[in-house]
Structures are given as structure tokens and as C-alpha cells.
Amino acid sequence: MKILGLSAGTKNGSNDAMCKEALMGAQEMGAEIEFIRLLDLDIKHCTGCIACVKALMSGRGNLCALKDDFNWLLDKMLDADGIVVADPIFEKGAAGIFRTITDRFGPRMDRGNNIIAGKIAEATGGKAPDPRILKDKVISYMAIGGSDWGTRVQCDHAMQALTPMWKVIDNECFQWSKSIIMEDEKLARAREIGRNIAEAAKDIENAQYKGEEGVCPHCHSRNFFLSNDSTHAICCLCGIEGDIVIEDGKTKFVFPEEQLGHAHDTLPGKFIHGDDIKENEGKLAELQKTQEYKDRVQKYKEFIQPLMPEK
Ligand SMILES: Cc1cc2nc3c(=O)[nH]c(=O)nc-3n(C[C@H](O)[C@H](O)[C@H](O)COP(=O)(O)O)c2cc1C
């Protein structure tokens, strides 16, 4: 069983150390381990070109137009049974490199899109996506911050797992942790997270979330988009819509059962979202054929040219 450690921190800093501590825990449980420092790689930002969606939906397999180290990283991630990520908290959320990886997963690694792409490829004799994309996997996240600013980071992290529908085992946030390698309790927690991910990777089908309960009973998120004239709330992670109520002095998120069928981390939810996007893209494709659309594009193109630094 393979466990891959990813660190998004500075070389030999707190995140590298915490990631390695977790890998030590995984190794204790018999895992074969590998370690990658994300900032050592050449990872470009997603440009939004949607070449990946076009390829998937036309039976041309799973690809990305960008040429960099992402495919190498993806191959390592797909090869592992479990992954543990250590990521520095930046501006209360995930670091930019982690967000970029989440974007690069985006539609390309969406489980729903890959299931549909497999069927299209079968029907057309095209190229099916890499079968490892549809394999279950477990993942844990450790956010490491130097202050008490960290209210978005666990949501950012779990969002990455939502796309391929990987199971989150731990999703921990370590605040005030600049000197974390001197804090034995936090190191012990990292080692436990490593043991947990290795244990989960041995039996992925029955693996369970081991982190804090959170507020959303479906995805454990604590982040909500709140209405200012009712109790209506949308879970920022799984997208379930319901109400925030106070019961026995505690905040509770309640929602109708049918909302579960819309959750972004379920296949029915993904297919609904996919159909909505398809309809919208279809409308755009029709509009793009019209002269008025072309004239409007031209107007903005001609109005001003973007500045570039002199080389
Ligand atoms: C640009 C920047 C933004 C940061 N924002 C936060 C923050 O919002 N919350 C927090 O707890 N720490 C914040 N920090 C502290 C980092 O999380 C901390 O320095 C990092 O975890 C150190 O990891 P390393 O030793 O592995 O590089 C920030 C640091 C930088 C450089």
C-alpha cells in the first residue's frame, strides 16, 4: 500500500516536517512512502481553456493543454492508495500552489465527467480516461498556520477531494504553529494522521472520516453562505441548501432529505451540475455564432491592449 506525502511549504520548513512526521506514522503501519515538495515542481495556473472538458466529452481521453510537471504529479497521486497533504495557511485559506492544483483537478478530474467520458469513448471507439481516475482513494490534509487566521482553509482543502470524490480521513488545522517542530503534541497528531491514512488505505471501501464533526452533517464543513433576511444557508463545500437553527445552544444545519441528491460530492449531484453546465455551454456556443456576439468581442478587443513588462 502506497502513501504519498505532499508538502506546499518552504524547503525543510514546518510543512515539510509535518508531512514527514505523518509519513513516519504511515510507514509504521507498513506503507510504502513517497514525498513530493510542490514548490519544487513547475506547475502552471489553469487558464480556463477547457481543453480537458472538450477532450473528455469527445472521446479523446483525459488531457490538459498545459505542458509542465502536473501530469507527473498527477501520475504519482493516481498511483498512491492514500495521500497526506501539509499546506501552509495563506490569508486564512489554502496556499496558492494548492489552489492551483485544485483548479488543475477542476473539470478534468471530476468523477462524473470521467464516467460520462468513459461511456462516450466506449460508444465512439475513442480513448477512455485513465481507469485510475475512477479508483477510490483516501486523503488527509494538515493546514499549518503562524497565527489564528484559518477559517477558510479546511473548506479549501476538502474542495480538492470533492472533484475526484476521494474520501477525506483527517482535515486538521494547526494554528499558531511557526515552531511546530518543537511542539510534541502537534507532532504526535501528525504521526496519528499518518497512521490513520495508512489504516484507511488498507480498506478504502470501509474507511471513515476521522476528523472533527463540523457543522454540515453531510460533509463536516464549518463554512456557510448565509442569507441576511432568513435562516437560509448554503454549505460552502457540498452545496447543500438548508437552514441554520439554534438547538440546545448549538448551531445546527438542517435540510430536506432530497437535498442529499444535489450534494456536489455525490454522483447524482455531479450529474445535475454537469447537465446545467452543458446546457449553459450550449447556449454560449449558439450565441458565439451570431454577428452580434462577434461584434461585442471585437469591441472589447479593440478598446485597449493589455500592458506587458518590457523584456
Ligand atoms: C503570504 C503569507 C500569508 C500567510 N497567511 C497566514 C494566515 O492567514 N494564517 C496563518 O495562520 N498563517 C499565515 N501565514 C503563516 C504561514 O502559514 C506559515 O509561515 C507557514 O505555515 C510556514 O510553513 P513552512 O515553514 O513550511 O514554510 C502566512 C504566511 C505568508 C508568507
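Helix α3 (residues 70-79) has as its buried residues Phe 70, Leu 73, Leu 74, Met 77 and Leu 78. Around the axis these residues span an arc of only 135 degrees, so they lie on the same side of α3. The arc is taken from the directions that run from the helix axis to the C-beta atoms. An α-helix has 3.6 residues a turn, so residues three or four places apart point the same way. Among the elements that cover the buried residues of α3 are β1 (2-7), β2 (32-37), β3 (82-88), α4 and α6.

This is a predicted model, in which local features need pLDDT of at least 70 and side-chain atom pairs count only at pLDDT 80 or more, while totals for chains, interfaces and linings use all residues. Residues are numbered from 1 along each chain as its sequence is written, and side-chain values use heavy atoms, with hydrogens and water left out.

Buried means under 20% relative accessible area, exposed over 50%, and partly exposed in between (1.4 Å probe, protein chains only). Helices (H or I, at least four residues) and strands (E, at least two) are DSSP runs, numbered from the N terminus. Contact means heavy atoms within 4.5 Å.

**Aromatic pairs**

The structure holds 5 aromatic pairs. Rings of Phe, Tyr and Trp (its six-membered ring) pair if their centres lie within 6.5 Å; planes under 30 degrees apart count as stacked, over 60 as edge-to-face and the rest as tilted. The pair of Phe 98 and Tyr 141 is edge-to-face, because the ring centres are 5.9 Å apart and the planes stand at 85 degrees. This pair links distant parts of the chain, with Phe 98 in helix α4 (residues 96-105) and Tyr 141 in strand β4 (residues 138-144), 43 residues apart. Phe 98 is buried at a relative accessible area of 3%, and Tyr 141 is buried at 0%.

Phe 105 and Trp 166 also form an edge-to-face pair, 5.5 Å centre to centre with 85 degrees between the planes. Here too the pair links distant parts of the chain: Phe 105 is in helix α4, Trp 166 is in the loop between α6 (153-162) and β5 (167-174), and they are 61 residues apart. Phe 105 is buried at 0% relative accessibility, and Trp 166 is buried at 5%. Ring pairs join Phe 105 and Trp 166 with Phe 70 in a cluster. Phe 70 is also one of the buried residues of α3.

**Charges over rings**

A charge sits over a ring if NZ of Lys or CZ of Arg is within 6 Å of the ring centre and within 35 degrees of the ring normal. The charged end of Lys 137 sits over the ring of Trp 166, 5.5 Å from its centre. The charged end of Lys 92 sits over the ring of Trp 149, 5.0 Å from the ring centre.

**Ligand surroundings**

| Residue | Polar atom in | Distance to a ligand oxygen atom |
|---|---|---|
| Asn 15 | side chain | 2.8 Å |
| Ser 147 | backbone | 3.0 Å |
| Lys 178 | side chain | 2.7 Å |

Asp 16 is in helix α1 and is buried at 1% relative accessibility. The side chains of Asp 16 and Arg 37 are joined by a polar contact of 3.2 Å. Not counting residues up to four places away in sequence, Asp 16 touches Ser 7, Gly 9, Thr 10, Lys 11, Phe 35 and Arg 37.

Thr 266 is in the loop between β9 (250-254) and α8 (267-288) and is buried at 16% relative accessibility. A polar atom of the Thr 266 side chain lies 3.1 Å from the backbone nitrogen of Gly 269. Leaving aside neighbours within four places in sequence, Thr 266 is in contact with Met 165, His 218, Leu 260 and Gly 261.

Key:
Polar contact = N/O pair within 3.5 Å; in protein donor to acceptor, adjacent residues only side chain to side chain.
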